[in-house]
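Thanks for sending this one over. Here are my notes, in the order I would go through them at the screen.

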Amino acid sequence: MGQQQHTTATDGTWRPEDLEAIRDRYRRERDKRIRPDGTAQYLRPTGDLASYADDPWSDPPAAREPVTDAVDAVVLGAGFGGLVAGAHLRKAGLASIRLVDTAGDVGGTWYWNRYPGVACDIESYIYLPLLEEVGEMPSRKYAPGAEIRRHAELIADHFDLRRQSLFHTEVTSLHWDDEAGRWKVGTDRGDAFTARYVVVSSGPFNRPKLPGIPGIENFVGHAFHTSRWDYGYTGGAEGVAGYPGLADKRVAVIGTGATGIQVVPAIAPDCRELLVVQRTPSTVDRRDDEPTDPGWWAGLEPGWQRRRRENFLQLVTGGVADENLVGDQWTDIAPVRGRRRMVSGRGEDPALAAELADHEKMNELRARIAEIVADPETAAALQPWYRQMCKRPAFSDRYLQAFNRDNVALVDTDGLGVERMTSGGLVVAGVEYPMDLVIFATGFEAGVDPSVRAGADIRGRNGISLEEYWADGLRTLHGWVSRGFPNLFQLGSTQNAVSVNFTHVLEEQSENVGAVVAEAERRGGVLVEPGQEAEDAWVATIRERAVHMQAFLAECTPGYYNYEGQPKKRTEAFGGGPVEFNTIVRQWRANGGMDEVLSS
Ligand code: NDP
């Protein structure tokens, strides 16, 4: 199709035939990628593939004595959600807090992901939680992974969250004991302890997934998933450029999502040959990373992080704000532009305004590729043809440039993925590519039902499981508590409102949990559980305010946002967005809401 552009007139209006042409192109690209097996196309790293999930960073202890004590709180997950919840529970006065994680230490996704180039593409000043309280100055606007992991460790140490924690351990059962007023906690290492409070923060990306490529198990070369990087094979070390083990290797990176685009430029100079295997191109916008200015940092006024986070949230979800403190390309993504266009007085229908802003943004991103990538065929294949929010936007000032190297080649599968793997390499469109190393940058299980995401059998009053309770639809108050499951709090994206700055979401939720627990303790340790009316009202609000994204997502290229091209009918997010959601929850607390959930 070449690098064609469907352009606008200079006043931002579009000719109907151009609009139709672009819609048509998007549909054709989507249709190439739709597969009947949808989310079932991926493989879990179990059975013959189990070693793909092994922990390269620390060995699980061979055996340990089961833990059988009683703690105030158990927190499932020691990523930023679990850590921030732990911090707020500590502030609420709890003495014994136990984080449990399958990883060997705290950090969650930042514990696992240590691949070359790993960094956060959300600004570190708003991403790193509790930065004013616990922090050191981030080195850069977009901090590298090792620094983010260190920040997680600092939070753990500051709030003494490691001492009682259990690592290399998975909670398998959580059963409410009505008589004792406590949760009985079982783990895969034979622990059987009790806790008064439970926080579930298993994270959206807690399980790596592998592509369902026929013959994947036949490959006899070396292979690993990006979240389990093998420095023993590649040489080098995390955060230090240079991977001498790749100097004589033919390397393939499969996957061009946010991870793939960070890995490719980081290892490109070191590989004998690097093939980037693409199924769908990401949108790749400018990143504009820069070192932190110590003078600016020193001059920040107390409360700055909340203000900066809220300003970003307002811009990214609402489109307009008085100022733009972060000023990055997230604050210029297509929906933000759409909202700006809507309030610009053109009088356009909101859906059309959003679509036109999207096309303009995507045209710019496609043009950027053509400017950077020298080979026109490669540049054309790297162009994304879908609306920007069909997939997670990506940002890099190095990825596209890597294709101008002589040792880097794009293998575009035209939406079909790798055809099969042989003992010696990959086959794409009938052509075999011999490989020494295959790196799967194929992401994580997403879209798993929240009642099973934690991986534990959760049973509340009368032995009813969370899965049973939610069989006819999720039921929560503000997404964090459910009737029949006293003192059990869920962090994440269920029946609340999320944003790309996920740690901000987690901190708002944790603050709420901490405030309610502090009050429960003040009242003598009464139980936290929503009344029927309060829960019913919130479920009704979720339904009434739902923003129906199905039509938009059905037009999208497949990905985890739309369950691989099969979007769900019902949305469980609060349609008013996170700014309104946070206000609702704060007002609820200020106006006696806690009385609704605290039984005397
Ligand atoms: P993604 O799920 O976003 O990407 C997986 C990639 O693998 C896609 O390009 C996908 O293609 C490709 N793929 C899957 N199956 C095949 C196949 N059979 N053949 C060829 N290619 C295949 O995973 P990531 O790890 O990149 O990112 C996951 C999430 O982690 C991100 O969305 C982001 O939220 C987070 N992240 C955040 C970062 C940050 O800086 N904040 C950095 C890295 C990750 P297709 O698109 O066609 O499905």
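The points below go from the sheets to the aromatic rings and then to a few single residues.

1. Ground rules. This is a predicted model, so bear in mind that local features need pLDDT of at least 70 and side-chain atom pairs count only at pLDDT 80 or more, while totals for chains, interfaces and linings use all residues. Residues are numbered from 1 along each chain as its sequence is written, and side-chain values use heavy atoms, with hydrogens and water left out.

2. The open sheet. Five strands line up as E6-E15-E7-E8-E11, in an open sheet with parallel pairing. Strands here are DSSP runs of E with at least two residues, helices are runs of H or I with at least four, and both are numbered from the N terminus. Two strands pair if DSSP finds at least two bridges between them. At the edges you have E6 (222–225) and E11 (408–412), each pairing on one side only. On average, neighbouring strands of this sheet are turned by 20° against each other, direction ignored.

3. E6 with E15, and the helix across the sheet. E6 runs parallel to E15 (residues 437–440), with 4 bridges between them. Helix H8 (residues 258–267) lies across E7 (250–254), E8 (273–278) and E15, and runs at about 160° to E7. Axes are lines fitted to C-alpha atoms, for helices over the stretch in contact, and angles run from 0 to 180 degrees between N-to-C directions.

4. Strand E1. How many residues of E1 (residues 70–76) are buried? The count is 6 of its 7, so the strand is mostly covered; buried means under 20% relative accessible area, exposed means over 50%, and partly exposed is in between (1.4 Å probe, protein chains only). E1 pairs in the parallel sense with E5 (residues 192–200) over 6 bridges, and with E2 (residues 97–100), also parallel, over 4 bridges. Ala73 stands opposite Tyr197 in E5 and opposite Ile97 in E2. From E1 the chain crosses through helix H2 (residues 80–91) to E2, a right-handed β-α-β crossover. Right-handed means that, with the strands pointing away from the viewer, the path from the first strand over the helix to the second runs clockwise.

5. Aromatic pairs. The structure holds 24 of them. Rings of Phe, Tyr and Trp (its six-membered ring) pair if their centres lie within 6.5 Å; planes under 30 degrees apart count as stacked, over 60 as edge-to-face, and the rest as tilted. Phe80 and Tyr127 make an edge-to-face pair, at 5.9 Å centre to centre and 85° between the planes. This pair links distant parts of the chain, with Phe80 in H2 and Tyr127 in helix H4 (residues 124–127), 47 residues apart. Phe80 counts as buried because its relative accessibility is 6%, and Tyr127 does too, at 10%. Another edge-to-face pair is Trp297 with Trp304, at 5.4 Å centre to centre and 75° between the planes.

6. Which residues do ring pairs link into a cluster? They are Trp57, Phe224, Trp229, Tyr231 and Tyr243. Thr234, in helix H7 (residues 231–234), has contacts that include Phe224, Trp229, Tyr243 and Leu437, not counting residues up to four places away in sequence. Contact means heavy atoms within 4.5 Å. Thr234 is buried because its relative accessible area is 0%.

7. Charges over rings. The charged end of Arg98 sits over the ring of Phe193, 4.6 Å from its centre, and Arg366 lies over the face of Trp385, 4.0 Å from the ring centre. The test is that NZ of Lys or CZ of Arg is within 6 Å of the ring centre and within 35 degrees of the ring normal.

8. Positive phi. Most residues other than glycine have a negative phi. Ala429 has a positive phi of about 50°; look for Ala429 in the loop between E13 (425–428) and E14 (431–434). Asn462 also has a positive phi, near 55°, in the loop between E16 (457–459) and helix H16 (466–469). Buried or exposed? Ala429 is exposed, with a relative accessible area of 67%, and Asn462 counts as exposed at 75%.
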